[in-house]
Amino acid sequence: VEQSWREVLDVPADGWVLSAPPAVVMLHAKAQLREKMKLHHPDRGGDPATAAAINRALEQAEAELGKEG
């Protein structure tokens, strides 16, 4: 079973996220992507499948929240 974009990018569906504007949540998601790619990018010895899942998660977040942020 594929994880949700929130699980992949460690963006909870509770707490401050519930009241935050979508653009703020997207900023957080993009920051999480950058941090995770530092660890998982294939050019840095990471797993290509994991990097692809991280990129897919951002695409899913953008589809849900919009590309703002």
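**Labels and their cut-offs**

Q: What makes 53% the share of contacts joining residues at least 24 apart in the protein chain?
A: Contact means heavy atoms within 4.5 Å. Among such contacts between residues at least 6 apart in sequence, 53% join residues at least 24 apart. A word on the source: this is a predicted model, where local features need pLDDT of at least 70, side-chain atom pairs count only at pLDDT 80 or more, and totals for chains, interfaces and linings use all residues. Residues are numbered from 1 along each chain as its sequence is written, and side-chain values use heavy atoms, leaving out hydrogens and water.

Q: How do you know how many helices and strands the protein chain has?
A: Helices are DSSP runs of H or I with at least four residues, strands are E runs of at least two, numbered from the N terminus. By that count there are four helices and zero strands, in the order α-α-α-α.

Q: Why is E62 said to have no salt bridge?
A: A salt bridge needs a side-chain nitrogen of Lys or Arg within 4 Å of a carboxyl oxygen of Asp or Glu. E62, in helix 4 (residues 48–65), has K67 as its nearest side chain of opposite charge, 4.4 Å away.

Definitions and conventions: Buried means under 20% relative accessible area, exposed over 50%, partly exposed in between (1.4 Å probe, protein chains only). Lys and Arg count as positive and Asp and Glu as negative; His and the chain ends are not counted.
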